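Open the model in your viewer and keep the selection tool ready. We will go from stop to stop, and at each one you select a few residues and look.

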Amino acid sequence: MVFLRIYECLFAANPGRLLLVLFVGLGGGFCSRAEVHAGPLLAGAAKVDITNDEAGPAEGRLHVRSLVLTQDDTTVVLLTLDVVAIGEIGYVKNDYLPNVRERLQQDLGILPMHVVANASHCHGIPCADIEARTIEAVQTAMQNRVPVQVGVGVGQEDRIMENRRIKLKSGRTVDVRHAYSLPPDDEIAEIGPVDPEIGVLRLDREDGSTLAVVYNFACHPIQGVASGANTADITGFSSEVIENNLGDGAVALFVQGCGGDINPISYKDVDHPREAEPLGNMLGLSTLAAVRQIECRDDERFQLLNETITLPRGDRAERIAQLEDRQRQLLQSLTGTSLNFETFVPLYVKYGVSGEFPSSFSHRYLHDDALGRKDLRKLDADNRANMQAYIKNIHTIEELTRLQTNLRLLQKHQANLIASGQRTIDVEMVGLRIGDFVLVTSPGELTVPIGLGIKQRSPHKHTFVAGYTNGYIYYAPTAEQLLNVGGAQEDSDCILAPEWQEIFEEHVADMLQRL
């Protein structure tokens with residue numbers, strides 16, 4: 001892949017040009033790079049409420065948070081939003097980032113290619129004037145810049161999430177969703193990994209108070225609240241915990257990691273109300289524990305890479321045909337049973353409780369056995385056979401609903417592929433370095449194995465990975481996970497061919513060498 005390398009001439013011609021990095025984004029078509037200058041680092045932070053109050057009550061309000069970093073004539077702005085995505089899905093439309101870029105260029109002289117963006121991926125509902133409030137957050141932060149020192153560290157949190165991909169004994173993989181039921185327990189073999197690491201950037205004022213914290217973590221903030229109210233979910237609550245504990249106007253910016261195959265812990269729990277706040281409290285407190293251990297110092301290392309790469313799109317026509325065949329097989333395998341729901345439930349309970357003697361007392365069975373009568377034994381055998389037939393139908397229907405849900409995703413993306421006439425897609429990648437804090441990004445819903453691999457191979461000790469950045473291209477699972485197309489949401493709600501992973505990771509490795 002050939003990058004358009006124009007950053008040297010851009011900054012030679014415009015040394016006073018501001019540089020913006022806005023975490024929420026959409027793709028562009030260029031490569032830019034800002035090198036370190038020798039002056040002190042200045043920073044300002046702000047947050048603006050973007051909750052849609054017309055959508056009903058809110059518990060855990062949505063915000064846009066802005067961090068502005070300036071060194072000499074170069075300014076970088078990191079901005080995070082409590083939204084599901086920028087474009088493609090959710091309430092933020094495809095023209096959000098182009099409009100923000102245009103407005104920032106007009107009002108502040110910021111080039112469109114210097115605007116980058118990340119979404120928390122919560123499913124809250126933002127306000128209609130989110131563009132104006134985004135601009136307000138940037139302007140406020142820029143007006144309040146002060147000299148800062150930089151520190152980086154890591155925290156750990158493994159209590160609030162679980163991997164949602166489940167490998168079956170058959171070799172297939174399913175996922176844990178509210179959209180369909182789980183397979184039987186005796187079919188489950190193993191689950192996937194989680195990434196408990198919290199990457200933390202701390203910025204302190206000269207008096208030692210904390211101005212801002214940037215924290216990166218892999219999760220899926222879709223727990224919701226018991227009342228069903230509009231919410232910024234887990235990561236909205238965690239940011240509030242951090243801000244309230246630090247005080248002094250500190251702003252906590254959550255940068256979503258590789259959370260594509262992660263769920264909140266006990267996501268399918270039916271015995272307790274769904275409540276994001278306790279999970280957010282734990283994430284916030286674990287982040288604070290890391291913040292307390294970080295020592296800040298003067299650090300002039302400050303660099304940004306913004307590059308566009310081309311990724312191959314996947315053609316799922318053959319797999320769709322296979323799944324449609326399987327759909328017909330499952331449907332035709334359903335058979336009539338003597339039982340209906342009304343008769344099945346009491347029988348299932350009775351035979352589950354009573355064990356060997358479900359139809360009468362044990363002495364009645366023994367009495368009949370002594371006389372050579374097998375009536376009760378025959379009744380039990382018939383009932384058990386009818387229950388097994390009914391349960392087999394239930395399991396078949398459950399598999400059918402999983403297949404049909406994921407098949408619809410595949411059919412949607414295949415139709416879009418054909419309509420577009422494009423076999424590739426251009427996406428933005430960002431590499432950002434602030435002191436020892438190194439971040440690389442993708443617009444996809446990256447899965448945990450992607451992030452773990454990048455961290456392991458990186459030449460930098462403190463390397464962190466963000467998905468959901470600079471647009472939204474649906475799920476970005478590994479090439480191995482894409483062998484399971486149609487079995488789980490991550491491999492079905494995906495527009496990429498398996499080769500995307502190698503291309504992306506090669507560019508990440510190249511970026512990390514240059515940061």
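**Stop 1: a buried pair**

Select Asp 82 and Arg 65. Their side chains meet in a salt bridge, with 3.6 Å from N to O. The two residues are 17 residues apart, and the pair links distant parts of the chain. Asp 82 sits in the loop between β4 (74-81) and α2 (96-108). Arg 65 belongs to strand β3 (residues 63-71).

Is Asp 82 buried or exposed? Asp 82 has a relative accessible area of 5%, so it counts as buried. Arg 65 is buried as well, because its relative accessible area is 2%.

Keep in mind that this is a predicted model.

**Stop 2**

Now select Glu 307 and Arg 514. Here, too, the side chains form a salt bridge, at 2.7 Å from N to O. Glu 307 lies in strand β15 and Arg 514 in helix α12 (residues 500-514), so this pair ties together parts that are 207 residues apart in sequence.

Glu 307 has 0% relative accessibility and counts as buried. Arg 514, at 17%, also counts as buried. The cut-off explains that label: buried means under 20% relative accessible area.

**Stop 2: a mixed pair and a network**

Select Arg 373 and Asp 368. Their side chains meet in a salt bridge of 3.6 Å, N to O. Compare the two partners. Arg 373 is partly exposed, with a relative accessible area of 37%. Asp 368 is buried, with a relative accessible area of 3%.

Next, select Arg 297, Asp 299, Arg 301, Arg 433 and Asp 436 together. Salt bridges with shared partners join these residues into one network. How many salt bridges does the count come to? The count comes to 30 salt bridges.

**Stop 3: the whole chain**

Clear the selection and zoom out. The chain has twelve helices and 20 strands. Its C-alpha atoms fill a box of roughly 100 × 50 × 45 Å along the principal axes. Of the 515 residues in the chain, 56% are buried.

**Stop 4: an open sheet**

Switch to a cartoon view and find the open sheet of eight strands. Follow its strands in the order β5-β4-β3-β2-β6-β11-β12-β13. The pairing in this sheet is mixed.

Which strands stand at the edges? They are β5 (118-119) and β13 (251-256). Each has a single partner strand, so one side of each is left without a neighbour in the sheet.

Now move to β6 (residues 146-156) and β11 (residues 197-205). These two strands pair in the antiparallel sense, over nine bridges. Select Gln 149 and look across to β11: Asp 204 stands opposite.

**Stop 5: two positive phi angles**

Select Asp 233. It is not a glycine, yet its phi is positive, at about 65°. Asp 233 is found in helix α4 (residues 233-246). With a relative accessible area of 3%, Asp 233 is buried.

Then select Asp 248. Its phi is near 55°, again a positive value in a residue other than glycine. Where is Asp 248 found? Asp 248 is in the loop between α4 and β13. Asp 248 is exposed, with a relative accessible area of 56%.

**Stop 6**

Glu 300 lies in the loop between α5 (276-293) and β15 (302-312). At 42% relative accessibility, Glu 300 counts as partly exposed.

**Stop 7: a nonpolar patch**

Leave the surface on for this stop. Select Phe 341, Val 345, Val 349 and Val 353. They make a nonpolar surface patch of about 400 Å².

Which helix holds Val 345? Val 345 is found in helix α7 (residues 341-354). Val 345 is partly exposed, with a relative accessible area of 32%.

Key: Residues numbered from 1 in each chain as written. Predicted model: local features only at pLDDT ≥ 70, side-chain atom pairs only at ≥ 80, totals over all residues. Heavy atoms only, no water. Helix = DSSP H or I, 4+ residues; strand = E, 2+ residues; numbered from the N terminus. Buried < 20%, exposed > 50% of the residue type's maximum accessible area, 1.4 Å probe, protein only. Pairing = 2+ DSSP bridges. Salt bridge = Lys/Arg side-chain N within 4 Å of Asp/Glu carboxyl O. Patch = residues over 30% accessible without salt bridge, like charges linked within 9 Å, V, L, I, M, F, W, Y side chains within 5 Å. Areas by Shrake-Rupley, 256 points an atom, 1.4 Å probe, with all protein chains shown as cover.
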